[in-house]
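Please keep the structure in view while reading.

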Amino acid sequence: MNHLSTHEKYMHRCLQLAQMAEGNTYPNPMVGSVIVHKGKIIGEGYHCKAGEGHAEVNAVASVQNKDLLKESTLYVNLEPCAHYGKTPPCSKLIIDVQIPHVVIGCIDDYSEVAGKGVKMMEEAGVKVEHGILGKESRELNRRFFTFHNKKRPYVILKWAQTLDGFIDIDRDSHLYGQPTWITNDWARRAVHKQRSTEQAILVGRQTALKDNPSLTLRDWSGHQLLRLVIDQQCKLPAEIKLLDGTSKTLVYNSLKSVSQKNVEYVQLDFSKDLLIQLLDDLHERGIQSVVVEGGKTTLNAFIEANLWDEAYKYIGERSFGSGIEAPLLKGEFCEKQEFNDSSLFIYRNNMVF
């Protein structure tokens, strides 16, 4: 990292630390902090879980000789908080321990913070700089910023397709009940790893019926996602896995609002913009990210409405010759990952968060 400035070098470390808690900090953002004294890191910390110590608190606590704090610089990728939540304000802690210099990645858009932390510290005589690796800092917490700025979850589309561009064969009802596997075990494990960092997962009625998916986390450690299914007329059979009550599930429908055995039926007006209503409901529930796993109709609805932020397209080495065609989208290609004979292509929608 020789090309980085001194500030950037330490901010890069903050981002590394912050990402160690990916998927575990909701509803809080991922934050890492480093304390530097005369060119040497003397303390580090990151926010591990909501309700527990913030990054700055953990970094200060890790410093053995607290007298050095008065001559140190604290780096943090997100503006220190200025309000009393489940923990006291980090800005006040920085002032109390007399750290004279603070370098911040980006300002926190959350209304309870939004520049107030910087103001509090500056009024107490702390030198504050911000915007160091600002783009990278916002990128790390893109789910958090999308949720607060756009008032909706961060939407990730995901599907697997064959070499000839199909996501499924044409199936009669006697072939229902199991997904048509396209990618290998390594790629499927990558799917579960990605799920572990998100909060909710959505499918349409046809996918629930044809594949009978569990939509749970099995091949990676982490929390179970909130399961979502669109079933307008509540016609899904009670014995499918999504309705088994083993994990919290929302059924978006036009008929009723009722909860039973960990399954909640949420009534929406299907004559109006369904996706906006669905995303509004998730926002009200504090859900910052949702993975849309299909099928084609559901995926295309999000694409056509331009309501997506990332897309994960897996391609396996199988060919079907005919069947259900994969969605088409226009987005910025970002990354390719290889899993032996399966590949993952990641795209971004050019939307500011």
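In helix H7, the residues Ala187, Arg188, Ala190, Val191, His192, Gln194 and Arg195 are buried, in what is a predicted model. An α-helix has 3.6 residues a turn, so residues three or four places apart point the same way. The cover over the buried residues of H7 includes the strands S6 and S8, together with strand S13 (289–292), strand S14 (310–315), strand S16 (332–339) and strand S17 (342–348).

Helix H7 (185–195) also supplies at least two residues of the lining of the largest pocket, as do strand S6 (154–161), strand S7 (166–168), strand S8 (200–204), helix H8 (205–211), helix H9 (274–284) and helix H10 (296–304). The volume of this largest pocket is about 1,100 Å³. Its lining is made up of 45 residues, of which Val203, Thr207, Asp211, Glu293 and Gly294 are the closest to the centre of the pocket.

Another part of the model holds an open sheet of five strands, which follow one another in the order S2-S1-S3-S4-S5 and have mixed pairing. Strand S2 (40–46) and strand S5 (127–130) stand at the edges of this sheet, and because each has a single partner strand, one side of each is left without a neighbour in the sheet. From one strand to the next, the twist averages 20°. Strands of a sheet pair through backbone hydrogen bonds, either parallel or antiparallel. Strand S1 (residues 32–37) pairs with S2 in the antiparallel sense, over six bridges, and within this pair valine 36 stands opposite isoleucine 41 in S2. Helix H2 (residues 55–62) packs on the sheet, where it touches S1, S2 and strand S3 (73–78), and the direction of H2 makes about 135° with that of S2.

The last topic is the cysteines.

A disulfide is a covalent bond between the sulfur atoms of two cysteines.

Methods: Residues numbered from 1 in each chain as written. Predicted model: local features only at pLDDT ≥ 70, side-chain atom pairs only at ≥ 80, totals over all residues. Heavy atoms only, no water. Pairing = 2+ DSSP bridges. Helix = DSSP H or I, 4+ residues; strand = E, 2+ residues; numbered from the N terminus. Axes fitted to C-alpha atoms, helices over the stretch in contact; angles between N-to-C directions. Contact = heavy atoms within 4.5 Å. 1 Å grid on protein atoms, 1.4 Å probe; cavity = no way out; pocket = protein on both sides within 12 Å on 5 of 7 lines; lining within 4 Å. Points joined across faces, edges and corners; volume = space filled by probe spheres on them. Buried < 20%, exposed > 50% of the residue type's maximum accessible area, 1.4 Å probe, protein only.
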